[in-house]
Structure formats: C-alpha cells, structure tokens
Amino acid sequence: MNRILAYSDRNRKELLRDPLSYVFCLAFPLVMLVVMTLVDTSIPRESGMTVFHIQNLCAGIAVFGQLFVMLFTTLTVSKDRAGSFLVRLYATPMTSTDFIIGYMLPMLVICVLQSILIYAVSFMISFFTPDRLNPLGLIASIPVLIPSAAMFIGFGMLFGSLFNDKAAPGVSSIIISLGSFLGGIWFDADATGGTMLDICKALPFYYCTRSARAAVRLDFSASACWIPLLIVTGCAILLIVLSSLAFRSRMKADLA
Amino acid sequence: MPVNMIETRNLTKQYGPKTAVNSLSLSIGKGELFSLLGVNGAGKTTTIRMLTCLSAPTSGEAFVGGFSCTGESEKIKPMIGISTQDTAVAERLTVRENLEFMARIYGFDKEKTAERVNRTVADFHLEEVLDQRAGTLSGGWKRKLSIAMALIGEPSVLFLDEPTLGLDVLARRELWRVIESLKGSLTIVLTTHYMEEAEHLSDRLGIMISGRIAACGTLPEILEMTGKTSLEDAFVAIAEGEVTEE
C-alpha cells in the first residue's frame with residue numbers, strides 16, 4: 001500500500017505542477033461553461049432547446065472536463081514509458097498492480113475535485129440564469145460521475161500503454177472529439193433521433209452525460225439514471241481491465 | 001551472504017540474430033567496485049539489465065546476493081539500486097520529494113524515510129538544491145540525484161550505468177568523489193567509456209568486446225597481460241585483437 005500511495009503522490013504532483021493541466025482540465029471547461037451559458041441567453045426559451053440550460057450544461061461540462069483528465073493520464077503513462085524513469089522503478093520492488101493503481105488513484109481524485117469546482121461555478125452562474133440549480137442535485141451528481149471518470153482514466157491508461165508518447169495524445173484527442181460530440185454535451189442527442197441517436201447510444205459517452213444530468217435533476221428513475229449509470233460502470237470495468245492487461249503486457253515486454 | 005555478491009554462468013542474451021552478451025561468466029566480490037569497459041554495443045548495458053532483473057537472459061544464469069535473477073527477482077530487487085544512463089528522475093518533483101518517493105517505494109516508514117533522506121542529502125551535499133525541482137537541475141546535479149536515489153533504499157549492490165556520461169570535467173570529478181566515498185561499503189558495478197574513470201575507481205575491470213569478456217582483472221594484471229603501460233593502450237590492444245586472455 002505504501003508503494004501505491006507513494007506512486008499516486010508522485011503522479012498527483014506531476015499533474016498538478018503542470019500548468020497546462022489547469023488550462024485544459026479546469027480553465028477550458030469553465031470558459032466553455034460561461035460561453036455556452038451566454039449562448040443559452042441568446043436562444044429564445046420558446047425554441048425548446050434545453051441543452052445549454054445550466055442544469056443540463058453543468059453535467060455535460062463535468063464530463064467534458066473528465067475527457068481532458070483522460071488526455072493527461074495518457075500523457076503521463078506514455079511519457080513515463082518513453083523515459084528511463086519507469087525502467088528505474090522496474091528494478092525496485094514495485095509491482096504492475098502498484099503502477100496501475102498508482103496511476104489511476106490520483107486521476108480519480110482529481111476528477112472528483114474537478115467536478116466539485118465545475119459544479120460550484122455552475123451553482124454561482126445559476127443565480128444569473130432563469131434556472132436555479134438545486135445544490136442537492138449537484139451533490140448527488142458527483143458520485144454518479146465517478147464511473148465515467150474511471151472509464152476515461154481507463155481509456156487514458158490504455159492509450160498510454162499501447163502507443164508511444166507521440167501517438168498517444170493524438171489518439172486521446174479522437175476520444176475527446178467523439179466523447180464531447182457523441183456524448184450529447186453540445187447538442188441534444190435525444191432530440192435528433194434516427195441514426196444519430198443510434199450512434200450516440202452505441203457508445204458509452206452518451207450514458208455518462210445522461211446519468212449525470214438525471215442526478216442533477218434528482219431524477220433517479222431507472223431509464224434516466226440507473227440504467228445509463230450501469231452501462232457506464234460496465235464500460236469503466238471493461239476499460240480498467242483492458243488497460244491493466246495492456247500495461248502488464250507492455251511491462252512484461254519491456255522486461256523481456 | 002555469499003562472498004561473491006554477483007555471479008554469472010554462461011550468461012547470454014540474444015536479440016533476434018544479434019548476440020548482445022555471449023556466454024558471460026563473471027564473479028564480483030562483496031564490497032568490490034567492478035568496472036565494465038567496452039565500446040558502444042559491447043554488451044555492458046545489457047549485462048546490467050540482466051543483473052538488475054530488467055531483462056531475462058536467453059540462456060545461462062545470473063545470481064545477485066545468491067539469488068537467481070530469473071526466478072527470484074522479488075528477493076533481488078529490494079537489495080539493489082540502479083542509476084541508468086539517462087538521469088531517471090521525476091522532473092516536476094523537488095530533490096527532496098524524489099528522495100522521499102524512492103524511500104517510500106522501498107517500504108520505509110515516515111521516520112526511516114526522514115532519516116534516510118537527511119543522511120543521503122548530507123552524504124551527497126544536496127542541501128543547496130533540496131527544494132529545487134529535478135527538471136531544473138544541471139546535468140551534474142541530476143546525476144548526483146540519480147545516484148542518491150539509487151542509494152536511498154540501502155542497497156547491497158549498486159549498478160551505475162555510465163554515470164558520468166556527458167558531464168563536464170568538474171562534475172565528473174565531483175561524482176568520482178561520491179563514488180569513491182561509497183567504495184567498500186557496498187558492491188558497485190560501473191559501466192563506462194572513460195578509461196581514466198575505470199582506472200581511478202575500480203578494484204577490478206572487465207573489458208567487454210562484442211558481448212564477451214575479453215579481459216578481466218586488476219589494473220596491474222591487465223597491463224601485464226597486454227604489455228602496455230596505460231589502460232587506454234591495453235584496451236585498444238584487446239579491442240583490436242592484439243591480445244587475448246589466456
């Protein structure tokens with residue numbers, strides 16, 4: 001446990017001391033939150049477009065922020081693999097489990113803190129919008145966001161293990177684009193219907209935003225919250241297992 | 001603890017058709033500083049990788065502290081320290097944090113970690129850069145930190161893979177002083193390209209050519225074997241095949 005905590009501490013410090021992590025994981029999502037709220041004020045309420053209403057937008061932005069934590073997980077793992085720092089650690093009593101949990105744990109904590117900050121700013125913004133956010137809904141939504149955080153961290157670990165430090169961020173960027181677009185963060189996926197909705201529903205991102213938005217509304221019905229949450233949890237478990245296997249296999253190859 | 005801290009028997013490593021280390025048999029005593037000399041691609045780093053359980057031999061055996069590098073790596077890892085060719089430090093952590101991190105990796109509790117960090121900082125004179133991030137250190141300081149990190153776990157065997165590569169003469173001399181201060185207290189395996197470094201620091205030397213130990217012994221023994229007056233001349237004679245070990 002001491003080794004896991006030591007490695008988690010190291011990874012947390014490496015991330016929090018990178019100024020770019022604040023720009024991408026915090027400043028950019030918050031800027032988007034403000035910008036999209038301003039966009040929402042320009043859209044007539046009669047249009048029925050609710051995706052940028054603060055109670056929908058805040059959960060979408062929280063998921064959007066998690067996508068960048070995925071990018072930084074990818075960068076951390078792939079850069080560590082490219083240098084000789086991991087080689088040095090391979091020659092210590094560190095096991096593959098220590099490495100895997102040591103990467104995931106601090107990223108998960110950062111995701112939770114990020115969601116709290118995004119929701120806190122959203123709550124303040126809601127005083128200036130027609131829709132006041134319910135603090136209970138925001139609090140309830142934070143644990144609901146944990147499985148999606150785990151899933152994105154799993155993606156990050158997977159790409160960081162499979163690709164080198166040049167290719168891995170590019171692959172992560174594809175997931176950022178797919179996740180933010182097909183996750184229904186920037187448009188109302190349910191309102192589109194047809195093939196577009198089918199594609200959204202075939203990917204896990206849609207369920208991340210759907211379950212988080214339902215929790216913000218304090219709607220804990222099976223269709224709105226629990227079933228999407230179950231799907232995201234399943235995907236998170238799958239991604240964590242796959243990324244652990246990929247990391248172990250890469251470590252085994254490095255030690256061959 | 002065995003008298004020989006390191007022993008290899010016909011240790012061989014092949015990468016596809018290329019044989020990086022060829023049937024290496026070697027014994028290194030407890031407390032000895034043994035230098036592996038060789039040109040690029042001679043097999044020095046591959047040998048270190050096998051001895052530190054970072055690479056599995058294709059055939060043959062290696063033992064560190066009496067434990068097999070292939071089957072008992074979990075017993076070897078707590079007793080070794082390695083400083084790789086590249087300075088493997090956590091760039092955004094301070095010098096103190098890097099040392100604390102490594103101490104915790106070796107399972108030390110809070111008190112023991114503090115004690116080891118204070119001791120290592122004093123031994124390596126790291127006080128002036130203690131709260132500086134590792135990424136901002138000069139090459140010489142980074143190497144010192146890298147070796148300090150390798151030592152913080154109180155290893156019985158220290159592997160230094162080209163520790164002074166790319167350093168200026170002053171930084172190199174400073175590192176020599178550090179390495180010299182460690183002599184006798186633990187077994188050290190050092191790889192280097194620099195003849196004067198090997199001459200200055202080693203108890204015994206092994207000259208590797210194309211994956212084989214072409215000559216092995218103390219400096220006077222190697223000079224006697226080759227009939228030369230300097231290690232550099234002896235090395236060239238061995239590398240060019242003028243002299244082969246009996």
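**Interface and cavity**

Between chain B and chain A there are 10 residue pairs in polar contact, both residues of each pair being at pLDDT 80 or more. The confidence cut-off applies because this is a predicted model. On the side of chain B that touches chain A, the elements giving two or more residues are β6, α3 (95-105) and α5 of chain B. Of these, α3(B) gives the most, with five residues. By class, this side of chain B has 17 nonpolar, eight polar and nine charged residues.

Charged pairs also cross the interface of chain B and chain A, where five salt bridges are found. One joins A:K13 to B:E97, with the closest N and O atoms 3.8 Å apart.

The size of an interface is often given as the accessible area lost when the parts come together. Here chain B and chain A bury about 2,500 Å² between them, and 55% of it is on carbon and sulfur atoms. B:R92, B:R104 and B:I105 supply 28% of the area that chain B buries against chain A, more than any other three residues. Counted by residues, the contact takes 34 from chain B and 24 from chain A.

The search of the whole structure finds one cavity of 30 Å³ or more. The largest cavity holds about 40 Å³ of space. Its lining includes A:R88, A:A91 and A:T92 from chain A, and from chain B residues including B:M102 and B:Y106. In chain B, β6 (80-83) and α5 (139-151) each supply at least two lining residues, and β6(B) gives the most, with three. The lining residues divide into seven nonpolar, two polar and one charged.

How values were computed:
Residues are numbered from 1 along each chain as its sequence is written. Chains are lettered from A and ligands numbered from 1 in the order in which they are written. This is a predicted model: local features need pLDDT of at least 70, side-chain atom pairs count only at pLDDT 80 or more; totals for chains, interfaces and linings use all residues. Side-chain values use heavy atoms; hydrogens and water are left out. On a 1 Å grid over the protein atoms alone, a cavity is a set of points where a 1.4 Å probe fits but cannot get out, and a pocket is an open set with protein on both sides within 12 Å along at least five of seven lines; lining residues have an atom within 4 Å of a point. Grid points are joined across faces, edges and corners, and a volume is the space filled by probe spheres set on the points. Helices (H or I, at least four residues) and strands (E, at least two) are DSSP runs, numbered from the N terminus. Ala, Val, Leu, Ile, Met, Phe, Trp, Tyr, Cys and Pro count as nonpolar, Asp, Glu, Lys and Arg as charged, and the others, Gly among them, as polar. Contact means heavy atoms within 4.5 Å. Buried area is the accessible area (1.4 Å probe) that two parts lose on being put together, summed over both. A salt bridge is a side-chain nitrogen of Lys or Arg within 4 Å of a carboxyl oxygen of Asp or Glu. A polar contact is a pair of N or O atoms within 3.5 Å; within protein, one must be able to donate a hydrogen and the other to accept it, and residues adjacent in sequence count only if both atoms are side-chain atoms.
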